[in-house]
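Here is a quick walk through the model, written for someone who would rather look at the fold than at a parts list. Keep the structure open while you read.

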Amino acid sequence: MKLLPIFLFGALILTPLNMKSSNDYLDGNGGGKKKVVTNKTTPKKNTPKKTSKEIAAVTKKEFKIEGVNKAILSKYFDLEEKNFEKPQLQSFESAFKGYFKLKSEGKINKEILTIIDFTQSSTEKRMWVIDMKKNEIIFQTVVSHGRNSGKEFANDFSNTPETFKSSLGFYKTAETYMGANGLSLRLDGLETGINDNARSRAIVIHGADYADENLGQRQGYLGRSLGCPALPLKNHKEIIEFIKEESCLFIYHDGSNDYLNKSKLLN
């Protein structure tokens with residue numbers, strides 16, 4: 001598949017939900033040895049934002065964002081939601097750009113794109129699995145971030161082993177295995193110095209009882225892992241089986257300018 005031409009997107013102000021405080025809840029997976037620079041982001045102030053449904057409700061003719069490629073807008077507006085909500089346009093555009101670059105370079109095989117938007121509260125369903133061939137959302141779910149990345153919001157990311165933090169960027173899904181958390185999916189980070197220690201850190205997708213939507217609503221934040229994107233036990237197996245073996249996973253945060261400016265897949 002040829003790489004579609006993509007331009008940098010203009011300013012679209014989208015901000016996360018309110019920060020909350022509550023009791024702590026920890027558990028997870030991950031670990032390792034190497035050392036790399038830590039990237040920090042600052043939680044944003046509480047200001048109203050448009051939901052994905054409100055954005056998508058605007059017609060293509062009326063919805064003008066300077067610098068956003070028309071092909072991306074078309075793909076975004078035509079994305080079949082079913083009973084789900086679309087991801088925010090900013091995360092979708094970045095994911096779309098990296099996905100097609102990786103696809104054109106033969107680094108991923110399946111026409112599946114998974115987006116995790118850590119800009120959003122952990123109580124929100126901030127992970128999407130998209131069938132790019134059919135252009136439809138297959139899954140939308142809550143997902144945990146690393147315990148040292150933040151509480152309700154993830155705002156501190158690292159590629160360094162034993163930091164118990166999440167890492168941003170593009171990944172290729174790999175093989176599955178049965179571990180301490182049951183069926184799990186290994187990830188290979190595709191961005192040097194950003195997430196390429198994922199395998200040695202044992203950063204994998206797995207199910208966890210603390211990655212529970214009801215728990216998140218009760219205490220104001222989802223339980224956290226040791227750096228892994230942990231999923232609810234009710235659907236983690238189904239999701240893992242769908243995205244395993246060379247599909248694209250993208251972890252995004254719109255406040256991490258260091259990553260957004262450094263990523264070779266986005267620039």
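## The sheet and what packs around it

Strand 6 (residues 169–179) and strand 10 run antiparallel to each other, paired over 4 bridges. Within that pairing, Gly 169 sits opposite Ile 251 of strand 10. Bear in mind as you go that this is a predicted model.

Strand 6 also pairs with strand 7 (residues 182–189), again antiparallel, with 7 bridges between the two. Tyr 171 has Gly 189 in strand 7 as its bridge partner. To get from strand 6 to strand 7, the chain makes a hairpin through 2 residues.

Now zoom out. Which order do the strands of the open sheet follow? There are 8 strands, in the order 4-3-2-10-6-7-8-9, and the pairing is mixed. Strand 4 and strand 9 (230–232) are the edge strands, each pairing on one side only. From one strand to the next, the twist averages 30 degrees. As background, strands of a sheet pair through backbone hydrogen bonds, either parallel or antiparallel.

At the strand 4 end, strand 3 (residues 127–131) and strand 4 run antiparallel and are joined by 5 bridges. Asp 131 has Glu 136 in strand 4 as its bridge partner.

The antiparallel pairings described so far look like this:

| Strand pair | Bridges | A bridge pair |
|---|---|---|
| Strand 6 and strand 7 | 7 bridges | Tyr 171 and Gly 189 |
| Strand 3 and strand 4 | 5 bridges | Asp 131 and Glu 136 |

Helix 5 (residues 236–243) lies across several strands, including strand 2 (112–117), strand 6 and strand 8 (204–208). Its angle to strand 7 is about 40 degrees.

Is His 253 buried or exposed? His 253 counts as buried because its relative accessibility is 6%, where the cut-off for buried is under 20%. This residue is in the loop between strand 10 (248–252) and helix 6 (257–262). A polar atom of the His 253 side chain lies 3.1 Å from the backbone oxygen of Ala 154. His 253 and Ser 91 are 162 residues apart in sequence, yet their C-alpha atoms are 7.8 Å apart in space.

Glu 152 lies in another loop, the one between strand 4 (136–141) and strand 5 (156–158). With a relative accessible area of 2%, Glu 152 is buried. Its side chain makes a polar contact of 2.7 Å with the side chain of Ser 121.

**Helices and aromatic rings**

Helix 2 (residues 70–78) has Ile 72, Leu 73, Lys 75, Tyr 76 and Phe 77 buried. Asn 69 caps the N-terminal end of helix 2, with a side-chain oxygen 2.7 Å from the backbone nitrogen of Ala 71.

Across the whole structure, a search finds 9 aromatic pairs. One of them is Phe 92 with Phe 96, a tilted pair at 6.0 Å centre to centre and 40 degrees between the planes. Phe 92 and Phe 96 are separated by about one helical turn because they are 4 residues apart in helix 3 (residues 89–104). Phe 92 and Phe 96 are both buried. Ring pairs also link Tyr 76, Phe 77, Phe 92, Phe 96, Tyr 99 and Phe 100 into a cluster.

The mean pLDDT of the protein is 84, with 75% of its residues at 70 or more. Over residues 1–28, pLDDT stays under 50, although the model has 96 contacts beyond four places in sequence for them. Residues 32–38 also stay under 50, with 20 such contacts. Where pLDDT is low, the predicted coordinates should not be read in detail.

Definitions and conventions
Residues are numbered from 1 along each chain as its sequence is written. This is a predicted model: local features need pLDDT of at least 70, side-chain atom pairs count only at pLDDT 80 or more; totals for chains, interfaces and linings use all residues. Side-chain values use heavy atoms; hydrogens and water are left out. Buried means under 20% relative accessible area, exposed over 50%, partly exposed in between (1.4 Å probe, protein chains only). A polar contact is a pair of N or O atoms within 3.5 Å; within protein, one must be able to donate a hydrogen and the other to accept it, and residues adjacent in sequence count only if both atoms are side-chain atoms. Two strands pair if DSSP finds at least two bridges between them. pLDDT is the predictor's confidence in each residue, from 0 to 100. Contact means heavy atoms within 4.5 Å. Axes are lines fitted to C-alpha atoms, for helices over the stretch in contact, and angles run from 0 to 180 degrees between N-to-C directions. Rings of Phe, Tyr and Trp (its six-membered ring) pair if their centres lie within 6.5 Å; planes under 30 degrees apart count as stacked, over 60 as edge-to-face and the rest as tilted.
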